[in-house]
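Please read each point with the sequence and the coordinates at hand.

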Number of protein chains: 2
Amino acid sequence: MPATLKDVAREAGVNISTASRALNNAFGINVDTRKHVIKVAARLNYRPNQVARGLVTGRSNSLGLLISDIRNPFFAELARGAEDAAFNAGCDLVLCNSDQNAEKQMRYVEFLLAKRVGGIVMNSVTPLDEDQQDRLRAAGVPIVLLNVSSADRHSPAWRFSSVVADNLYGGEIAAKYLIGLGHKNIVHIAGPRTHGAFSDRASAFLKVFRENGLPKPRVVFGEHTFGAAYQSTKQLLGTDRNITAIFAGNDVIAFGCMRALMESGIRIPEDVSILGFDNVEMTQITSPPLTTIDQPKYETGKAAVEILLNMISKDGVREPEHRIIGVHLIERQSCRKISGAAVQDRRTAKR
Amino acid sequence: MPATLKDVAREAGVNISTASRALNNAFGINVDTRKHVIKVAARLNYRPNQVARGLVTGRSNSLGLLISDIRNPFFAELARGAEDAAFNAGCDLVLCNSDQNAEKQMRYVEFLLAKRVGGIVMNSVTPLDEDQQDRLRAAGVPIVLLNVSSADRHSPAWRFSSVVADNLYGGEIAAKYLIGLGHKNIVHIAGPRTHGAFSDRASAFLKVFRENGLPKPRVVFGEHTFGAAYQSTKQLLGTDRNITAIFAGNDVIAFGCMRALMESGIRIPEDVSILGFDNVEMTQITSPPLTTIDQPKYETGKAAVEILLNMISKDGVREPEHRIIGVHLIERQSCRKISGAAVQDRRTAKR
DNA sequence: ATGAAAGCGCTAACAA
DNA sequence: TTGTTAGCGCTTTCAT
């Protein structure tokens, strides 16, 4: 239905390849011819068929973004950063929600591969088994991983690029902050243990206690959703009423905790302190505003597609690139000092 | 680099068209031949090139989703509904953030058209001028509009399909609810006036006052962002300290208002009541939990791509399809009764 | 049931 | 500077 290059060429009275050159402003073409062709193209409302172009050039100018769920505000921000970067480079972004489910994730990958996307930004690959990971690697498409575990990243088999927040450092400052506030009965409500970001935060968190000879806090792994966190907290409250602080694996989990606490008539931070992770926009408007650990989400998405684009351009075999995004504590009002405790001076600028 | 159909055919010792038939489980092919071809294809890790297939079949199995900003939780939910529906139909979704900017929106459309997407789900087209709208229509691609104004929808020139929340009814119940609670000094902080959803809510809201001979509430149009709403509210507070209720154009706006109120030491709902719109997940965890008007977001996105898919399948000229999604009040704790007022019994089940 | 051949819309040598 | 030609990887007549 739409006009083709052939139509333009015929209408302009030139050869199809001349028309192609005119429209792609290549060298070696008469200025007037070009002007004429362009005018004809405009009149016919010609739009170059990217599908056909992709077939011959072998490049598809589309990228895949494979995350667990766009409804998670963390991923929404990240996706926006990714999309902006892609758009600036003339690429489009195909959105895929895997729900962190290995089978679904793999189906999406196959899907993207079949579409011949130029590259894929995806959640950590850890839910995938060895076979699946091998197939991924064999596909030969540039891949940038998000939320990789540092453990994975140092494994010799690791050949993908990655961009991750400094979750180890984040877990560490979380522990130190809560300990510094004088809390003794702390629980860490984490996300799925298979998820690099959460496992790193948890292990670094625990490490601080271990290294200081402090009793090991309880850790509850689960889905990183509002509902799951709500349930976990409710359950926790049934067995232990002496908790004074909760370190949530991320802000959404923190929100779920807060909800459960509120419903049980427990005050924040008077009765229990809550510390989040991510610094999602909504943390500013909860009551009390959530103290949390900020990680630049938009920049993470942006960096991921920049690396991807970079890998695509130099399409030889390249060393994978790893980028670590810094995190820092944002003190708001959801954590309180236990009386008598010495508080460290690690106050951070409130943004 | 990846194996092609030709490779499979050669390796299997059959003609390329036989291989094609075998893989597409068409009729008229020997069962054993098929099995053999399939096995070879698997061994070679063959993945049919959708780009090439699209070129010959003329259909691209990708859809475009053009919204203002995925970071808006409303759109994130909607996008998820859209993506799920697309995936179930074997299509992929290209994500585009227009920032509700006409020029950017148009560039994205051109982009999607050049990719020969099968159809586009997009925000209302109202920021676009007549010329642009005509070009859109002329492109001949199925389009489903979101957030259309009812005014637009009844205009004879309107030839696009649409799915919209019942914003008129929403604005009406908002007004009646606040009036019923006894509020006299109400402000409506709306989104952009060019945006159908917001203009409908505002006009229906005002209509109730007009029809009841009540003084017209002030309406402030602006961006539908946290920051803009925060600013508007701050400004409002500078000029008028007697406000008792705010009807926010959507939940994100409501969050911005709440933040500004909190900072000014104004209590919700003791000093001022706040009513939102959308029933975003976070409304449950604000303090107090936000009373708001629910609209099914996931379903909206889902319905939009279903209509799109429907239009694509019957690719003749078809009557545009319009779907209206019901809304209803969710009473939580951000609105209070002004003493002495008669409260209507319009309590709705808390979900 | 299978093969041969044309062509989708475009780019990219190679000629002229 | 322009035209001719050969594909990119696939589907789809039309023969066989």
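1. In chain B, Leu145(B) stands opposite Ser162(B) of strand E5(B); here helices (H or I, at least four residues) and strands (E, at least two) are DSSP runs, numbered from the N terminus. Strand E4 (residues 143-146) of chain B pairs with E5(B) in the parallel sense over three bridges, where two strands count as paired if DSSP finds at least two bridges between them. E5(B) is also joined by four bridges to strand E11 (residues 322-325) of chain B, again in a parallel arrangement, and in E11(B) the bridge partner of Ser162(B) is His322(B).

2. The model is a predicted one, in which local features need pLDDT of at least 70 and side-chain atom pairs count only at pLDDT 80 or more, while totals for chains, interfaces and linings use all residues. Residues are numbered from 1 along each chain as its sequence is written, and chains are lettered from A and ligands numbered from 1 in the order in which they are written.

3. Strand E5 (residues 161-165) of chain B is largely enclosed by the rest of the structure, because five of its five residues are buried (20 or more other C-beta atoms within 10 Å of a residue's own; exposed means 12 or fewer, and partly exposed lies in between, with C-beta atoms placed from the backbone). Ser161(B), Val163(B) and Ala165(B) point one way from the strand, whereas Ser162(B) and Val164(B) point the other way, and all are buried.

4. How are chains A and B related? A rotation of 180° with 0.0 Å of shift along its axis superposes chain B on chain A, with an RMSD of 0.1 Å, which is the relation of a two-fold axis. The superposition is by least squares on the C-alpha atoms of residues with pLDDT of at least 70 in both copies.

5. At the interface, 43 residues of chain B are in contact with 43 residues of chain A, contact meaning that the C-beta atoms, placed from the backbone, lie within 7 Å. On the side of chain B that touches chain A, the elements giving two or more residues are H4, helix H5 (73-88), strand E2 (92-97), helix H6 (102-114) and helix H12 (251-263) of chain B, and H5(B) gives the largest share, six residues. Because 100% of the interface residues of chain B are also interface residues in chain A, the copies meet through the same surface.

6. For chain A, the domain assignment gives domain 1 (5-48), domain 2 (58-166 + 296-325) and domain 3 (167-295 + 331-349), the bounds coming from an automatic or database domain assignment. The C-alpha centres of domain 1 and domain 3 of chain A lie 63 Å apart.

Note on methods
Two residues are in contact if their C-beta atoms, placed from the backbone, lie within 7 Å.
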